[in-house]
Amino acid sequence: MSVINLETIKTLLENDKRVKVAAIDIDGVLRGKVMQKKKFLQVAEEGFGFCSVIFGWDIQDNIYTTKGEFSGQDSEYSDLVAKIDLSSYRRIPWEDNVPFFLVHLHHPTTRQPLYCCPRTVLQTVVDDLQTKSLTAYCGVEFEFFCFKETTESLDTKGHANLAPLTLGMCGYSLLRPSQNQDFFYNAYDWLEKFGVEIESWHTETGPGVFEAALSYSDAQQMADRASLFKTSMKQIAMKHGFMASFMAKPYQTMPGCSGHMHFSLKDQYGRNVFAPASKQEESGVPGMSKTMMWFLAGVLHGLPSILAILAPTINSYKRLVENYWAPVTVSWGIDSRHVAVRAILPPTASPQSTRLEMRVGGADINPQLALAAVLKCGYWGINTKQELPVESSADIKKNGSKPGARLARTLQEAIVAMEDKGSVARRVLGDQFVDHYTSTRKHEWNMWQNAVTDFELKRYMELV
């Protein structure tokens, strides 16, 4: 594609009447609007006003019950400045090819990039890595459940007793996709045209579960694609008469839905610096460079304090329990799927494919923030040459060593770890972001604390 700028965009939109634009909120939800083309071209350079309430309310548009700059009685809910990212241009195949753009958000007073805009948070670590002539490359894999439901039927059923799209466990099945073949192939083809390429996708273990691996790319592209993927898949499912859900754990008795992320760093020559090129670059682990080890160490040290980003909802912690293939401790291992961070090294991978996989996150992550948090911890680990806080899973078994700390069991515990004055999260993400983010998560916890659940009704209504 040719370079997108203010001149070329006029040509690209020559035959259009309208344009869709969107920002990404703290929960990873796309918040946007459709604009008249004339209006879009008028604001393409300077930006336009976008109500700051999108950082003052929760995923269901409830104003935060906790204090924040963009919520509460003292807030004026003034406009943020939304600057259109022309490089994000794409067209939506399932919406008559309407042109689409993402925006960067700026503070209404300082005019600086907004500290809580997820795309800005990621941009800061991308810029930091570039000072070392490094570029982060990432991959994201999402698992998600599909149900024979609509918004209306979901409400009628009280979000219970939902009908799955397919029956049985059926991981890697060649039969189940045939039952919904139009959806299966339309999604693959439409997303490719949308610039959100699926490297591969298949059924996972569980009724109506799919897993999609997005094509590996640089961190900014991957974060945008992963964010767009979630909304796009919901829209495509709706087009085919059912619902896709990225909830971390819809069923108590089944594995939850993961949002695994892969990471590697390349230098200015395109070489993967996670693979040692010489004796001097080797760590104590065969196939792992010192840079990779420092990155891994930073991530492991920071993991407890960024858990609220990797597991952002109440439901996230129902997935992070023992015996369901989800990691529950600060841990790492070589090609192990039982640990928090999996090191993928030769001979399993080629030197150029050497990478780390963060396995803690669920499908409910905000991809922009999750990728940013891991990269920031890794960057800090490289800068400070951190040492691994725990041995590999294999060495722990072999040596009888002490395992890593148990990760938080609830969102409340994760909030406490994140907002601690000495937390790694504060060092790498900054006080302003951490204070805003933990405030939003406290609101989420407050909503849960006040909720009367079906568990309580079934357990206490008759017998207490």
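Guide: Happy to! Let's start with Arg441, which forms a salt bridge with Asp27; their closest N and O atoms are 3.0 Å apart. This pair links distant parts of the chain, 414 residues apart. Arg441 belongs to helix H14 (residues 431-450), whereas Asp27 sits in the loop between strand E1 (18-24) and strand E2 (30-36). Both Arg441 and Asp27 are buried. Please keep in mind that you are looking at a predicted model.

Now turn to Glu281 and Arg271, whose side chains also meet in a salt bridge, with 3.4 Å from N to O. Glu281 and Arg271 each lie in the loop between strand E11 (259-266) and helix H8 (290-310), so this pair ties together parts that are 10 residues apart in sequence. How exposed are these two? Glu281 has a relative accessible area of 27%, which makes it partly exposed, and Arg271, at 27% relative accessibility, counts as partly exposed too.

Next comes the salt bridge between Arg406 and Glu322, at 3.3 Å from N to O. You can find Arg406 in the loop between helix H11 (393-399) and helix H12 (411-419), and Glu322 in the loop between helix H9 (316-319) and strand E12 (332-334), so the pair ties together parts that are 84 residues apart in sequence. Arg406 is partly exposed, at 25% relative accessibility, and Glu322 is partly exposed as well, with a relative accessible area of 41%.

Salt bridges can also join into a network, as you can see at Asp335, Arg342, Glu357 and Arg359, which are linked in this way. Across the structure, the count comes to 19 salt bridges.

And the cysteines? The structure holds 0 disulfides. Take Cys51: the nearest cysteine sulfur belongs to Cys116 and is 13 Å away, and Cys51 is in no disulfide. Cys51 counts as partly exposed, at 30% relative accessibility. For Cys117, the nearest cysteine sulfur is again that of Cys116, here 7.5 Å away, and Cys117 is in no disulfide either. Cys117 is buried, with a relative accessible area of 1%.

How values were computed. Residues numbered from 1 in each chain as written. Predicted model: local features only at pLDDT ≥ 70, side-chain atom pairs only at ≥ 80, totals over all residues. Heavy atoms only, no water. Salt bridge = Lys/Arg side-chain N within 4 Å of Asp/Glu carboxyl O. Helix = DSSP H or I, 4+ residues; strand = E, 2+ residues; numbered from the N terminus. Buried < 20%, exposed > 50% of the residue type's maximum accessible area, 1.4 Å probe, protein only. Disulfide = S-S within 2.5 Å.
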